[in-house]
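Hi,

Here is the structure I promised to pass on. Have a look at it first, and then read my notes below.

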Amino acid sequence: MKSLSWLIGLLIVIGAIPMITHDVTLRETVFIILMYIALAESLNIILGYTGYVSFGHIVFYGIGGYVAFLMIQNYGLNIIPAMILAGLFSALVAYCLGLAILRLRGAYFAIATIGVNEAVKALITNLEQVGGAEGIYFNIKVYSAYGGAEHAIWLSYYLMLAVTIAVVIVSWFVKKSKFGLGLMAIREDEDAAITLGVNTSKYKTLAYALSALFPGMIGAIFFFKNGNIEPESAFHLTKSIEMIFMVMLGGFGTVTGPMIGAIVYERIRGFLIVSEMFKALHIAISGIILLLIVLFMPRGIIGFVRDKIPALRRFVE
Amino acid sequence: MILKVENITKRFGGLVAVNNVSFEVNEKEILGIIGPNGAGKTTLFNVISGIYKPEKGKVIFDGKDITGLPPFKIARLGIARTHQIVKPLNELTVKENVMVGACFGREYLDLDSAEKVAEDVLKFVGLYEKADLLAGKLNVPEKKRLELARALASKPKLILLDEVLAGLNPVEVMEMVEVIKKIRESGVTILMIEHLMHAIMQISDRIIVLDYGQKIAEGKPEDVANDPKVIEAYLGDPELVLKLTKR
Amino acid sequence: MLDVWIDSIISGILLGLVYGLAAIGLSLIWGVMKVINLSHGAFIALGMFTAYFLFAFGLNPYLGVPIIFALGIILGIAVYFVALHRIIDAPELSTLLSTFSISLFIIGLGTFVWTTIPYAIDIHVGSISIGNITILGTKVIAGIVSIILTILLYIFLYRTKTGKAVRAVSMNRVAAELMGINTTRILALSFGIGIALAMTAGALIATIFPFTILSGGVYELKSFVICVLGGLGSPIGALVGGLILGIIENVITLQIPTGLVPFIEFTILVAVLLIKPSGLLGGEV
Ligand SMILES: Nc1ncnc2c1ncn2[C@@H]1O[C@H](COP(=O)(O)OP(=O)(O)O)[C@@H](O)[C@H]1O
Ligand SMILES: [Mg+2]
């Protein structure tokens, strides 16, 4: 519990700063950091705990984004129920999809998830009812229900903070539960797990659904705040890989790892984009950093710290 | 009688790995299975534990037909097993490995009770000092004990041991044999595959012999050892003849 | 009407052969190394630009093929030792990410140098007309070059000692090692050949369509679909898969919007994976 309190405390501190200073630039930065944390922690449930490489995980963020956007735009639904609906819908999609594709192992599963993301993207791009390739823009009136755009943005910020805290708590409890133990057994050796009595297909599917629930909600918040949604940004494969990157960077399978990974990643990215020297080359440099991590720090920052300072092991989960 | 295997046949493409095999296991006995490499012993375990569906035949456990049930259901009914090629959950600790067995096995315990069971079982197999080590860091004999501990933690009625003595040195073999005897004393029925003749002859109540997927002999250890058909089967495998004659 | 169909089918076959070539590279890498090469698209794009600059220096892109192929082998071997050798036995996530990091690196540099505006190779080799059907010469030559390269690859794999070693490693790396094959060399070479095939396919595509540094991604995804159709790890399957995809792509666009093609392709991909993960034509190298 101690380690969880630390993490939540940290999140609240980070989250509270922009509220106190009313610094809009800072709020935007923190919003992105929170979003990264929540996405990375979600992915970690299927990737880090269960060992299934969901390469196209961003599809759930995109689906959630579209569901909420359409609900708000067409039916005047409030963002909060729309967000919950979006999350549940993404989870449901993941559940059904998982029943099919979680039978695939290793690289085959990874390819299938890329395929799913690309298929959904292509479908939405061609559906004029949901805006096609151009996407959809909010009607200006949408935000007036929340007391104007500025209020809507703050509301998005609070929601993102709340969702992020929720994800971290859920990740922590999953990791500490019997369910989590079953997932990690699957990660280590699925055949051993099933002979030991783990209902592997049920567990995997539930983990996949859970890891899609929050991205659905996050997509809803992000695109609500954004005021516009289009397939290219909703189902951008690179974002998927950024998520994996953050999990790896921090240390996969841990609760603290994806959080640290997300914060460090956002800082690196921010630095590269702002720096005159690196701005144009930031993609190439990201590539080099990713390679170095994969080659030399496969357990990420947390794994590295735990190896070097065993005393810390009890405090970082 | 706790387990009844009826006319099991399992094919891989053209190869008949297990061919119309039937036998029974009585409660609280140790039934040994021997046979040359590739005889189909492991495949038979895989059929009993639900990894493979047999083309033909039935597996009856505790009066219930379990043929074709998924492995996790069979585990929960009370059949646990070890693997010939060990399958440790490398990045989990030794204790966590054993807790998986306790949590998802016959008693389906919650985490706290599972932890207690795991500690007891680890003491029982002599692995308690390593409880907090990552399982991947164990050596092979320790990994074999871990396999056993995980299986025991599920509180099975029947345990399938697949060559738990292979690769152990004589001292380790003796220790393991003692553990197996203690398991039997605790009331668990044991079905074990073994290559080490002197050990299995000494420990088993009865033995069945497989060759090319078929059961070619069944009976008391001394009878089986003198059965001409068994000797012939083993003569085909020089390595095993050596093992038979070594002690 | 019939002419339109025939025209589409022929185009489909020719393009399918080129797609097949890129996919064979992906398939070879998977078959031998069990690595999904996420830098395939980046190398396809690199092949496009190499052909472009060779052409700009006055070299006919078709004559440039051997140069591009050789360059591909060298780059591939280099990438193997930098990014893959250390983690070849690690879980698949590691190699997925390391090849992706190479892709980021190439695309990042490429965007920096060439931006993302379209380039095109302005080559004219006439066209072939039979009745009402006209087929661009560039497509015909691309198809033929692809066939030749595929045949050469097969001769290499089945008739040379090194090629046989490649096949041995793909069947069972440990056993091959025990037989005295230097598997590191074979893995590096296989990756080199896979990359060379990707770059050559890119060069051929560049003679037909305009391209940007990002164009490779599309063909990489096509390569996935093709490999899954033909069975990952099977070069001949990849070739046939390429033909199927080329034809489907060209024929269905007569009926439905082009934009929906990726949707159909990826639906096929997922469906095939689910029904028969070893591919419709599954098999070994
Ligand atoms: N999954 C499988 N696929 C194909 N053949 C198999 C498989 N498992 C075992 N076999 C074959 O079945 C036969 C029996 O194997 P096995 O049961 O492992 O023998 P044993 O345990 O008695 O040494 C062997 O010829 C083996 O090659
Ligand atoms: Mg065996």
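Which strands of chain B does helix α1 lie across? Helix α1 (residues 41–48) of chain B lies across β1, β2 and β4 of chain B, at about 115° to β1(B). Helices (H or I, at least four residues) and strands (E, at least two) are DSSP runs, numbered from the N terminus. The angle is taken between N-to-C directions on a scale from 0 to 180 degrees, using lines fitted to C-alpha atoms, for helices over the stretch in contact, where contact means heavy atoms within 4.5 Å.

Before you go on, some ground rules. This is a predicted model, so local features need pLDDT of at least 70 and side-chain atom pairs count only at pLDDT 80 or more, while totals for chains, interfaces and linings use all residues. Residues are numbered from 1 along each chain as its sequence is written, chains are lettered from A and ligands numbered from 1 in the order in which they are written, and side-chain values use heavy atoms, with hydrogens and water left out.

Now the sheet in chain B. It is open, with 4 antiparallel strands in the order β2-β1-β4-β5; two strands pair if DSSP finds at least two bridges between them. β2 (15–25) and β5 (64–65) of chain B sit at the edges with a single partner strand each, so one side of each has no neighbour in the sheet. β1 (residues 3–12) and β4 (residues 56–61) of chain B are joined by 5 bridges, and B:V5 stands opposite B:V59 in β4(B).

Next, salt bridges (a side-chain nitrogen of Lys or Arg within 4 Å of a carboxyl oxygen of Asp or Glu). B:E29 is in the loop between β2 and β3 (30–34) of chain B and B:R206 is in strand β9 (residues 206–211) of chain B, so the pair ties together parts 177 residues apart in sequence. B:R206 also forms a salt bridge with B:E218, again with 2.7 Å between the closest N and O atoms. B:R206 is buried at 18% relative accessible area, whereas B:E218 is partly exposed at 36%. Buried means under 20% relative accessible area, exposed over 50%, and partly exposed in between (1.4 Å probe, protein chains only).

Over in chain A, A:R27, A:E28, A:E150 and A:K225 are linked in a salt-bridge network.

Happy exploring!
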